[in-house]
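Colleague: Could you open the model so that we can go through some of its packing together?
Modeller: Of course, here it is.

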Amino acid sequence: MERSIAIYTLTSELHNEEAVAAQTQEFLASLGLEYDFRGNDYGDYGRYALSLIFVRTGGTEGIFRRLLPTLLGKARHGFLLLTSGKSNSLAASMEILSFLRQQGIGGEIIHGRADYVRARVLLLAKASEALRGLQGVRLGIVGEPSDWLIASQADAERVKALLGIELIDIPMQELLDVIAETKELPVAPMDWPAAEPAVGAALPGAIRIYEALRRLVQRHRLQGFTLRCFDLLSAVGNTGCLALARLNAQGLVAGCEGDVPAMLSMMVGRTLTAVSGFQANPAAIDCAAGEILFAHCTIPLDMVQRYELDTHFESGIGVGIRGFLEPGPVTVFKLSGDLQRSFIAEGRLEGCQSASDLCRTQLRIVLSDKSQANYFLTQPIGNHHIVLPGHRGAELQQLLHFMHQVPLD
């Protein structure tokens with residue numbers, strides 16, 4: 001079975017191959033990585049998620065220079081030079097990287113203690129695998145972005161070029177037609193934690209919207225979508241909050257209000273971390289404390305410890321989700337629609353609240369770097385942001401670095 005990491009070698013003919021081979025085996029074993037060792041056969045260079053060039057000795061600068069023309073079109077993320085430092089290999093790596101920089105080509109030397117090298121390689125591999133996993137993804141825009149999202153558009157051509165994601169426009173009427181064709185079934189109240197009779201009465205219609213969206217996803221072969229959900233309030237007298245909560249929990253990306261940058265951020269987050277993200281907007285900010293209150297009327301059901309059903313906040317109808325999560329580390333993330341800007345901030349979810357004058361799910365988050373809270377008041381990327389469980393900053397930064405470095409085929 002092919003692994004995601006391949007290691008190629010550069011070795012000077014002046015060095016004793018037997019001694020170099022022994023050093024190589026000892027060094028690579030110390031890293032504890034799974035990889036395919038390709039030696040000096042560069043025929044399949046670039047086929048793997050991560051291609052490392054192990055500079056084993058000094059005197060290899062000229063060898064690399066001769067190889068460069070055949071490798072350039074295959075280097076997905078610049079050149080990653082692995083070195084143990086033995087036999088003047090670090091010095092050679094520095095000369096090679098300096099040469100690459102002079103040519104305007106990106107690269108990095110991976111060198112240090114075994115635990116650092118292992119962690120760095122695994123991070124690079126994870127980011128590269130995620131970027132490859134986005135290739136060919138189809139994301140639907142069901143209806144246009146909501147009228148109030150005047151800063152939340154996306155550049156479809158750039159999204160395709162840098163992320164490999166295809167944006168599919170789906171008219172709102174198509175969803176309404178599928179809803180009309182979908183039979184509404186009775187719902188047993190004990191199967192859902194309905195808080196009041198009005199919510200229980202709205203449940204069959206909310207599940208009908210879920211079934212219709214699921215059919216639409218299958219019809220268009222989507223891995224996710226964003227929905228102009230407020231149109232459902234007038235069109236069918238219900239909300240998409242429950243549908244989105246369920247579909248996210250089933251592994252799709254399901255976003256609100258037709259917000260395409262938020263959907264892209266959710267898709268990048270899910271592909272990288274394999275967990276759902278919570279799309280929400282700040283409802284209150286305390287810059288001095290680095291504290292932000294995020295709120296929205298839906299949240300992926302696989303993110304919550306428990307949840308309650310309530311009405312949708314703004315309209316007072318349909319079904320909304322009030323989710324409660326365990327306190328712990330989180331990351332707040334957002335990509336701009338042209339992929340030129342991003343915001344990444346790690347922090348801690350301190351608790352959830354249930355104020356009646358806000359969207360139903362409410363998370364109180366304190367950022368690790370309190371100064372980052374000022375971003376929301378001075379240079380925000382739209383209003384919606386994505387909350388991911390865990391500290392994911394390094395992974396997200398690396399994926400975005402790769403995205404801008406070399407577009408994939």
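Predicted model: local features only at pLDDT ≥ 70, side-chain atom pairs only at ≥ 80, totals over all residues.

Colleague: At what angle do α4 and α12 cross, and how close do the axes come?
Modeller: The axes of α4 (residues 114-133) and α12 (residues 393-405) cross at roughly 60° and come within 9 Å, with axes fitted to C-alpha atoms over the stretch in contact and angles running from 0 to 180 degrees between N-to-C directions. Helices here are DSSP runs (H or I, at least four residues), and strands are too (E, at least two), numbered from the N terminus.

Colleague: Which residues make the contact?
Modeller: On α4 they include Arg120, Leu123, Leu124 and Lys126, and on α12 they include Glu395, Gln398, Leu399 and Phe402, where contact means heavy atoms within 4.5 Å.

Colleague: Changing topic, how many aromatic pairs are there?
Modeller: The count comes to eleven aromatic pairs, taking rings of Phe, Tyr and Trp (its six-membered ring) as paired if their centres lie within 6.5 Å, with planes under 30 degrees apart stacked, over 60 edge-to-face and the rest tilted. In one of them, the rings of tryptophan 148 and phenylalanine 230 have centres 5.0 Å apart and planes at 85°, so this pair is edge-to-face.

Colleague: Where do those two residues lie?
Modeller: Tryptophan 148 is in the loop between β6 (138-142) and α5 (156-163), and phenylalanine 230 is in the loop between β8 (224-227) and α8 (231-235), so the pair ties together parts that are 82 residues apart in sequence.

Colleague: Is tryptophan 148 buried, exposed or partly exposed?
Modeller: Tryptophan 148 is partly exposed at 45% relative accessible area, given that buried means under 20%, exposed over 50% and partly exposed in between (1.4 Å probe, protein chains only). Phenylalanine 230 also counts as partly exposed, at 22%.

Colleague: And what about asparagine 248, where does that one lie?
Modeller: Asparagine 248 lies in helix α9 (residues 241-249) and counts as buried, at 4% relative accessibility. Not counting residues up to four places away in sequence, asparagine 248 touches several residues, among them Val253, Met266, Arg270 and Asp302.

Conventions: Residues numbered from 1 in each chain as written. Heavy atoms only, no water.
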